[in-house]
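Hi,

Here is the structure I promised to pass on. Have a look at it first, and my notes on what turned up follow below.

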Amino acid sequence: MSLKLKLANRILNSKLKALSRNKKVFNLDSAQTAGILWEIEQEDSFLQIVGDLRSSGVKATGLCYFPQKKAVIPEGIDGFTRKQTSWWLEIPKAKVAEDFMQQKFDVFIDLTGQKSFPVVFITALSNAAFKIGYAGDAVNYFDWNIEFAEQPEASQLAEQILYYLKRINKTILE
């Protein structure tokens, strides 16, 4: 592990010690709010999952991470770029990211596959009651980690997340 990552993880772990969140399992019937973390190339999967959540009566809010420093955030997308992270450690500094982490979503969905430190940081420090996603080789900060043999496509991950959110804590399966 590089020095940069060790320092970033030390900061993350100190913030995690101060975090107190109420964990609770939600499904599509019980959830009222959802926060979705995604990257710009995953827009189709993001829109698919937002559509399914909204058709189930769940208010969905998204946060898009643009891993490029010189990215321009398109109109109508809440997001932040790599330039809006701390210079060396890549800790998100954008107000939109901080606000997203503070929101008490019923469900937090990560479509990114935990490929970069800024999304790991947001996932770990999210105040959401129920976190679901794919951790891969990263530290698992999810309450429900979707397992795949290798890094899934965002569409596969979205499909599996919706599959489990429809079935978890259900007494009768449709």
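A nonpolar core, as used here, is a set of buried Ala, Val, Leu, Ile, Met, Phe, Trp, Tyr and Cys residues joined through side-chain atoms within 4.5 Å. Buried means under 20% relative accessible area, exposed means over 50%, and partly exposed is in between (1.4 Å probe, protein chains only). Bear in mind that this is a predicted model: local features need pLDDT of at least 70, side-chain atom pairs count only at pLDDT 80 or more, and totals for chains, interfaces and linings use all residues. Numbering starts from 1 along each chain as its sequence is written, and side-chain values use heavy atoms, with hydrogens and water left out.

On to the cores. The largest one has 29 residues, and Ile36, Ile49, Leu53, Val107, Ile109, Leu111 and Ile161 have the most contacts inside it. Two or more residues each come from S1, helix H2 (43–55), strand S2 (59–66), S4, S5 and helix H5 (154–167); helices (H or I, at least four residues) and strands (E, at least two) are DSSP runs, numbered from the N terminus. H5 gives the most to this core, with five residues. If you click on Ile161, you'll find that it touches Ile49, Ile109, Asp110, Leu111, Ile132, Gly133 and Ile146, leaving aside residues up to four places away in sequence (contact means heavy atoms within 4.5 Å). There is also a second, separate core of 25 residues, with Leu12, Phe100, Ile122 and Ala128 among them.

Next, the helix pairs. H2 and H5 pack at an angle of about 15°, and their axes are 9 Å apart. Axes here are lines fitted to C-alpha atoms, for helices over the stretch in contact, and angles run from 0 to 180 degrees between N-to-C directions. That makes H2 and H5 roughly parallel to each other (the label covers angles under 35 degrees; over 145 is roughly antiparallel, 65 to 115 roughly perpendicular and the rest oblique). On the H2 side the contact is made by Ser45, Gln48, Ile49 and Asp52, and on the H5 side by Ala154, Ser155, Ala158, Ile161, Leu162 and Lys166.

H1 and H4 are roughly parallel to each other too: their axes come within 10 Å and cross at roughly 15°. Here H1 brings Leu5, Ala8, Asn9, Leu12, Lys15 and Leu16 to the contact, while H4 brings Phe117, Val120, Phe121, Ala124 and Leu125.

Last, the charged pairs. How many salt bridges does the structure hold? There are six, a salt bridge being a side-chain nitrogen of Lys or Arg within 4 Å of a carboxyl oxygen of Asp or Glu. Asp143 pairs with Arg21, with the closest N and O atoms 2.8 Å apart. Asp143 lies in the loop between strand S5 (130–133) and strand S6 (144–145) and Arg21 in the loop between helix H1 (3–18) and strand S1 (33–39), so this bridge ties together parts that are 122 residues apart in sequence. Asp143 is partly exposed at 30%, whereas Arg21 is buried at 17% relative accessibility.

Lys115 and Glu39 make another salt bridge, at 3.9 Å between the closest N and O atoms. Lys115 is partly exposed, at 48%, while Glu39 is buried at 4%.

Asp99 bridges to Lys95 at 3.1 Å; the two are four residues apart in helix H3 (residues 95–102), so about one helical turn separates them.

Cheers
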